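Here are my notes on this one, with the model open alongside. Have a look at the strands first, then the helix pair.

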Amino acid sequence: MTPRFTLLLGACLLASCTTVATKKRTAFKQPYKPPTAAAEKRPKALAGMSAGKAPEPAKSESKAQDAMGYLKSLVDKSVQAPNKQEQDSNRLHAIDIVENKLNEEQLEDVADNSDFGFLRGHAMFRLGENALEHKDTSAAKKYFSGVIDYLPGSDLAVRAQEIVQQLEAAKNVQTQTVGVVLPLSGKNAPVGQRALRGLEMGLGLHIPGSGFKLAVMDSEGNPDSARRGVERLVKEDNVIAIVGSLLSKTAPAVAAKSDELGVPTIALSQRSGLTEIGPTVFRNSLTSGMQVRALVRTAMEDLGMKKFAILYPNDLYGVEFTNIFWDEVLARGGQITAVQTYSTKETDFRLVIQRLVGTYFGEARQDEFSVRLKELQHADKKRSVRQSNLETVLPPIADFDAVFIPDSAKAMGQISAMLSYNDVRNVKLMGTNLWNTKDVARRAGNFSNNLLFVDSVSPTTHNKARFVTEYKALYNEEPSLIEIQAYDAGLILRQLIASGASSREDLTKRLTELKHFPGALGSVSMSSEREIERPVTPLTIEKGEVIPLNVTK
């Protein structure tokens with residue numbers, strides 16, 4: 001069994017690789033202090049002259065004045081140093097201080113004082129970035145324009161000019177034009193096309209005279225392409241909102257760039273932390289948290305379960321779901337009695353199951369093994385030594401009501417077969433919406449009547465939905481959750497705009513306040529974390545078919 005510490009450590013390492021960077025820098029809290037004279041490098045002795053001591057600041061000066069004086073000395077040295085190498089070194093040191101170490105007040109002092117020369121442009125650029133973070137586009141434009149004036153022709157001025165152009169373009173809004181960034185080429189193109197179909201139907205583009213327009217950009221599955229796509233949608237198409245993206249690697253780029261430009265965006269990705277990027281970022285996706293909360297609530301409140309085991313793949317999906325599941329069980333007073341991980345390439349789960357149920361580490365149960373072996377040999381004198389191993393002698397330790405497996409239906413099928421082989425009986429297998437497939441009952445084998453999983457799409461709601469009927473009539477196939485979520489995103493934008501949301505700010509406000517909106521499969525509402533919460537149905541198998549779980553109190 002794997003200790004929780006190991007699991008959480010692995011989760012932290014994974015999270016450190018995937019955490020969404022919301023801002024380039026944090027707000028400045030402490031004023032910059034220059035190094036002391038003792039710490040500052042002494043100048044080299046020149047032609048018969050000894051190196052002098054660095055001048056000490058007057059005691060009457062404040063710390064802020066010390067910092068500004070030190071910075072001013074670097075500006076002077078960047079011009080007066082005896083060689084170009086030292087001049088460049090002092091210049092770069094001064095720029096680094098301005099870009100990374102000054103607080104807002106110090107930046108204003110540098111920007112307003114001609115004594116700081118070239119540093120004024122760098123200070124204005126930082127002030128412009130701060131203004132953008134606070135959504136003060138007027139101040140941001142003023143600062144970035146100052147950069148262009150004070151550092152003409154520089155790389156920083158070019159970047160400032162691009163931002164000013166984006167801010168100008170952001171003022172122009174085509175109220176009924178919605179943008180979308182999806183993977184429409186490459187290996188993820190089929191998924192992107194399905195989402196595009198749902199979004200088009202949500203905006204009513206299949207209805208003559210709908211009045212709405214959809215501006216489409218292909219992310220190519222690349223964050224840089226996705227970011228450039230957002231810029232084009234804002235600058236060239238003047239979209240009022242953006243939908244996208246589906247992929248975890250492009251979704252943060254779309255969300256961050258849209259938020260930077262003040263454009264509300266509805267993400268369709270399950271990627272963690274997306275809505276934390278900024279106040280204009282919303283999400284319409286069946287997230288890991290939504291699934292786990294519904295799953296654990298059903299297991300513990302409706303079915304009376306208390307103890308759980310976890311078998312999870314060692315990937316981002318498995319670790320994320322496992323940690324959320326673990327926390328939710330503990331929060332409800334339950335217990336996690338066994339945990340085991342496995343490689344995503346695993347196909348033979350024999351040893352994995354043995355570790356989970358305690359028949360792999362025989363040394364810990366040696367006395368029990370000896371006693372049971374004697375009993376079995378006495379009862380069956382024909383029993384051979386080859387039959388007398390840990391797998392056949394020791395019974396499994398199945399001190400749990402259910403096993404949570406956050407993996408595909410295929411992996412669950414392989415695991416269920418090995419659980420049966422190891423004589424694990426009378427427990428439920430719990431999973432995510434990945435199990436909501438037509439062949440899940442066949443894969444589950446002996447556990448087909450002991451499955452519990454969740455999804456937004458269930459036979460009851462799916463077959464009655466008008467959107468499903470219209471989609472099948474248009475495309476001659478059943479829509480999946482991807483099309484449904486994209487449809488809801490388009491329908492929400494369409495109705496909010498039609499009801500009077502004529503600016504990005506107003507649309508953002510109305511999205512934040514969204515309550516009891518009639519979506520494709522039921523009522524949806526916006527949470528305080530800007531997540532669109534949709535109905536999540538517990539599912540099981542009966543007579544080989546997926547059905548909603550019927551809980552008898």
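1. Strands here are DSSP E runs of at least two residues, and helices are H or I runs of at least four, numbered from the N terminus. The pairing of β14 with strand β15 (residues 545-548) is antiparallel, over four bridges; a pair needs at least two DSSP bridges. Glu-542 has Glu-545 as its bridge partner in β15.

2. This is a predicted model, with local features needing pLDDT of at least 70, side-chain atom pairs counting only at pLDDT 80 or more, and totals for chains, interfaces and linings using all residues. Residues are numbered from 1 along each chain as its sequence is written, and side-chain values use heavy atoms, leaving out hydrogens and water.

3. β14 also pairs with strand β10 (residues 451-455), in the antiparallel sense over three bridges. There, Asp-455 has Thr-537 in β14 as its bridge partner.

4. Is β14 buried or exposed? Five of the six residues of β14 (residues 537-542) are buried, so the strand is largely enclosed by the rest of the structure. Buried means under 20% relative accessible area, with a 1.4 Å probe and protein chains only.

5. On to the helices: the axes of α9 (residues 223-235) and α10 (residues 251-260) come within 8 Å and cross at roughly 30°. That makes α9 roughly parallel to α10 (angles under 35 degrees). Residues meeting across this pair (heavy atoms within 4.5 Å) include Val-230 in α9 and Val-254 in α10.

Key:
Buried < 20%, exposed > 50% of the residue type's maximum accessible area, 1.4 Å probe, protein only. Axes fitted to C-alpha atoms, helices over the stretch in contact; angles between N-to-C directions. Parallel < 35°, antiparallel > 145°, perpendicular 65-115°, else oblique.
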